[in-house]
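Good morning, and thank you for joining. I would like to take you through a few local features of the structure now being shown.

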Amino acid sequence: MTALQLTNLSKSFGGVIASEAVNIEVPAGKIIGLIGPNGAGKTTIVNLITGMLPVSGGTIHVGETDITHAPAHEICRAGLARTFQNTRLLSEASVLDNVMIGLHRHETSSTFAALLGLPSAGRETQELRTQSMELLDRFGLTEFADYPAGGLSYGHQRKVEMARAVATDPDFILLDEPIAGMNDVESDALADIFRGVAKDGKGVLLIEHNVRFVAKLCSYVYVLDSGRLISEGAPDHVLNEPLVISAYLGGDDA
Amino acid sequence: MNSFVAGYIPLFDLYCLHVGLALSQYIVLRVGVFSLATAAFAGIGAYTAGILAVDLGMHPVIGVIAGTATGMAAAIFLSIPLARLRGVYQAIATVAFIQICLSLNIYSENLTGGAMGLNNIPKTVGTLTLFIFAALATYLIWSLEKGRIGRAFNTIRQDEAVAASLGISIRKHQMLAFAISGALAGLFGGLEAYHSYAIDPKQFGFHLLITILSYVIFGGRNSVIGPLVGAAFLIILPELARPLAENRMVIYGIMLILVINYMPKGVADTAIDALKARKLKARGAASS
């Protein structure tokens, strides 16, 4: 069974240890949570996986592929997509264009054909447009297709970003605080989408600090504090552990 | 009537040449590289073509092809160090590159004629040739823009992290944009050499850089119509205001300042955006 696998992942900035011997496994078809208080090193883990930061030690595998030192754009090609902590859409471009660009890695027309505007390139563009419209339909965004993405409400922008990540047809998706700043209705709608993605057989790594949301959605949870994993297991079990509670609430006497 | 048209033909020639150079500038801005090296690539292309014709008596077709190839080679070479820079640092580096080309040109007097320039180039390129090449260049950029490469360029320009996360190789696409930019500049530099009897080093210096950049800023940076419109306005308007011909640069400056302040996206892009917004609004009103 394929999995997104972090083995003994370590990162230090000079003397400061941002993550130390982190082992995480995200199997296909499951939603796995990674939680931790502010400054625990969640974002560092995301940046290590996505190639934004060089890894100091340990390995990262997507299925059989070692992506530990791969440049950022090859990580996507290995089958790992991501969303960003602050939605990062191309705000000038239309919603449709934003989703279409997610299909980039599946485009096959040659550079030459694209340069000269040969019919094969035109056909491909038409095909992508159709596929993107199908995706928009699935996410309930059809009516916004031609609007500039920057003008959409926050919740809708999140959905567009999710559609773009799904468009790359990844085996695994990394969600970096996907519901930050959302109300319950919006986050429930997103939760349904995440469940659907997992049902399609994709592995999801959900990085969040909204514990309630994670507990509801994930089958397995890792807890990070000061760059180390302090607990892992089923959500009910993990969230009742004294070590986790004290990490979140601060100190033994809390 | 005929003499009236004939009077404007040199202007049209200039327009065709500068559209090519403006497109060369446009395509690098499109992929988010703030390179200003088009003037240098044009100089390299022009001198390659000119020297081949004057010193070696080569056929102009070979000269133009060689000019295009050397412009492209120089651009690919320059793209390697530039890939490590961003934003204004790229601009500084490319302006330095123009200066280096200018100095080398003046020093290698035996080959290039130095400050005196290269003279007695046989004139083999006429209005029709210029027009055909300008049209071809426009078609090339237009078809590139609406396909896979245009989408990748747009993404890289707006957000490099997003582009990388979607599997788009930034380095590869920026190098491609550079290669196209250099080839276009080299091509139109070569055409200019065969069109104007003589070329001199100063022609491909800072003044040309500003002129070309103004076309793109004036017209717009996000659609191929931008450079076409920008070049048209900035070449024709000062000409229509003949009585003020002495103050050509003043008019130029005022127009640029007005556009930058009131239509920061450029004339053509602002118009396109307004049309799009109107269409969406009309549809919204119809459906509600």
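Lys202(A) is buried, because its relative accessible area is 11%, under the 20% cut-off. Please bear in mind that this is a predicted model. Lys202(A) belongs to the loop that joins helix 7 (184–199) to strand 8 (203–207) in chain A.

Let us turn to chain B. Two packed helices are described by the angle between their axes and the distance between the axes. For helix 6 (residues 127–146) and helix 7 (residues 148–158) of chain B, the angle is about 75 degrees and the axes are 4 Å apart. These two helices of chain B are therefore roughly perpendicular to each other. Helix 6 of chain B contributes Leu144(B), Glu145(B) and Lys146(B) to the contact, while helix 7 of chain B contributes Ile149(B), Gly150(B), Arg151(B) and Phe153(B). By class, three of the residues in this contact are nonpolar, one is polar and three are charged.

Finally, consider helix 9 (residues 170–195) of chain B. At 1.5 Å a residue, its 26 residues should span 38 Å, which agrees with the 37 Å between its end C-alpha atoms. Helix 9 of chain B is mostly covered, with 22 of its 26 residues buried. Just after helix 9 of chain B comes Tyr197(B), with a positive phi of about 65 degrees.

Conventions:
Residues are numbered from 1 along each chain as its sequence is written. Chains are lettered from A and ligands numbered from 1 in the order in which they are written. This is a predicted model: local features need pLDDT of at least 70, side-chain atom pairs count only at pLDDT 80 or more; totals for chains, interfaces and linings use all residues. Side-chain values use heavy atoms; hydrogens and water are left out. Buried means under 20% relative accessible area, exposed over 50%, partly exposed in between (1.4 Å probe, protein chains only). Axes are lines fitted to C-alpha atoms, for helices over the stretch in contact, and angles run from 0 to 180 degrees between N-to-C directions. Angles under 35 degrees count as roughly parallel, over 145 as roughly antiparallel, 65 to 115 as roughly perpendicular and the rest as oblique. Contact means heavy atoms within 4.5 Å. Ala, Val, Leu, Ile, Met, Phe, Trp, Tyr, Cys and Pro count as nonpolar, Asp, Glu, Lys and Arg as charged, and the others, Gly among them, as polar. The expected span of a helix is 1.5 Å times one less than its number of residues.
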